[in-house]
Amino acid sequence: MRWQVHSEEPLYTDRWLDVRVADVELPDGRHLDHRLIRTAPGAGAVVMDDRRRVLLIWRHRFITDTWGWEIPIGKIDEGEEPIAAAAREVEEETGWRPGPLRPLLYTQPTSGISDSEHHIFRADSARYIGPPTEAWEAERVEWVPLTDIRRLIDKRDLVSGTSMNALLYVLSQP
């Protein structure tokens, strides 16, 4: 059932993404043109405190015209280690410096259309260092009780795939 890729041609490329069309051969021999998006990897973190609250940002996503809670996450810069990118993104987006980070999970949130990969870490503490340096990323930053996550998902106040994956993963742990 493995699809064979015979070629890829760029349709649009900039510093953020690379949109391509691939000539793909299906197992039955048919060919199709499949669109795909290549992106730089991302890294983020679930940051907890000693009261089992998680550090989240409330933000608007213009593409879907929706508001929602998300964990801090962003692009891994060229030559940057995922763990360093996760720590940087938490600080830039929230103004909190995470405590020691450890790997939580790896996810490919849109593997049917994109090679996007997200490296998610966990910290069990954080220290406030000042206002976010990228204040345009979020309307507000809050510590949200982990016990509220399922309710936020049910209300569609938490719909980001990677954030949902990471938080549900944390909830599933003892």
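Q: What is the place of Arg 15?
A: Arg 15 sits in the loop between E1 and E2. Helices (H or I, at least four residues) and strands (E, at least two) are DSSP runs, numbered from the N terminus. The model is predicted: local features need pLDDT of at least 70, side-chain atom pairs count only at pLDDT 80 or more, and totals for chains, interfaces and linings use all residues. Residues are numbered from 1 along each chain as its sequence is written, and side-chain values use heavy atoms, leaving out hydrogens and water.

Q: Why is Arg 15 called exposed?
A: Its relative accessibility is 71%. Exposed means over 50% relative accessible area, buried under 20%, and partly exposed in between (1.4 Å probe, protein chains only). Arg 15 therefore counts as exposed.

Q: How far apart in space are Arg 15 and Ala 40?
A: Their C-alpha atoms are 9.1 Å apart. In sequence, 25 residues separate Arg 15 and Ala 40.

Q: Why is Ala 86 called buried?
A: The relative accessible area of Ala 86 is 0%, so it is buried. Ala 86 belongs to helix H1.

Q: Which residues are in contact with Ala 86, leaving aside its neighbours within four places in sequence?
A: Ala 43, Gly 44, Leu 101 and Phe 121. Contact means heavy atoms within 4.5 Å.

Q: What makes the phi of Arg 52 worth a look?
A: Phi is positive, about 60 degrees, although Arg 52 is not a glycine. Arg 52 lies in the loop between strand E4 (42–47) and E5. With a relative accessible area of 44%, Arg 52 is therefore partly exposed.

Q: What is the phi of Asp 65, and where is this residue found?
A: Phi of Asp 65 is near 50 degrees, a positive value in a residue other than glycine. The residue is in the loop between E5 and E6.

Q: Why does Asp 65 count as exposed?
A: Asp 65 has 59% relative accessibility, so it counts as exposed.

Q: What makes a set of residues a nonpolar core?
A: The members are buried Ala, Val, Leu, Ile, Met, Phe, Trp, Tyr and Cys residues, joined through side-chain atoms within 4.5 Å. The largest such core here has 21 residues. Val 46, Val 54, Leu 56, Ile 120, Ile 149 and Leu 167 have the most contacts inside it.

Q: Which elements each supply at least two residues of this core?
A: E5, strand E9 (102–107), helix H2 (149–154) and H3. H3 gives the largest share, four residues.

Q: Which residues does Val 46 touch, not counting residues up to four places away in sequence?
A: The list includes Val 54, Ile 71, Leu 104, Ile 120, Phe 121 and Leu 167. A second, separate core has 12 residues, among them Ala 43, Leu 55, Ile 76 and Phe 121.

Q: How do you know that the chain has domains?
A: The bounds come from an automatic or database domain assignment. That assignment gives domain 1 (4–38) and domain 2 (42–172). Their centres, taken over C-alpha atoms, are separated by 30 Å. Seven residues of domain 1 and five residues of domain 2 take part in the contact.

Q: What is called a pocket, and what a cavity?
A: Both are sets of points on a 1 Å grid over the protein atoms alone. In a cavity a 1.4 Å probe fits but cannot get out; a pocket is an open set with protein on both sides within 12 Å along at least five of seven lines. Lining residues have an atom within 4 Å of a point.

Q: How many residues line the largest pocket, and which lie nearest its centre?
A: The lining has 40 residues, with Arg 59, Arg 61, Ile 73, Gly 74 and His 118 nearest the centre. E6 supplies the largest share, five residues. The volume of the largest pocket is about 1400 Å³. Points are joined across faces, edges and corners, and a volume is the space filled by probe spheres set on them.

Q: From which domains does the lining of the largest pocket draw at least three residues?
A: From each of domain 1 (4–38) and domain 2 (42–172).

Q: What is the volume of the second largest pocket?
A: About 230 Å³. The pocket is lined by 14 residues, and Val 5, His 34, Leu 36, Arg 38 and Ser 111 are the closest to its centre. E3 gives the most to this lining, with four residues.
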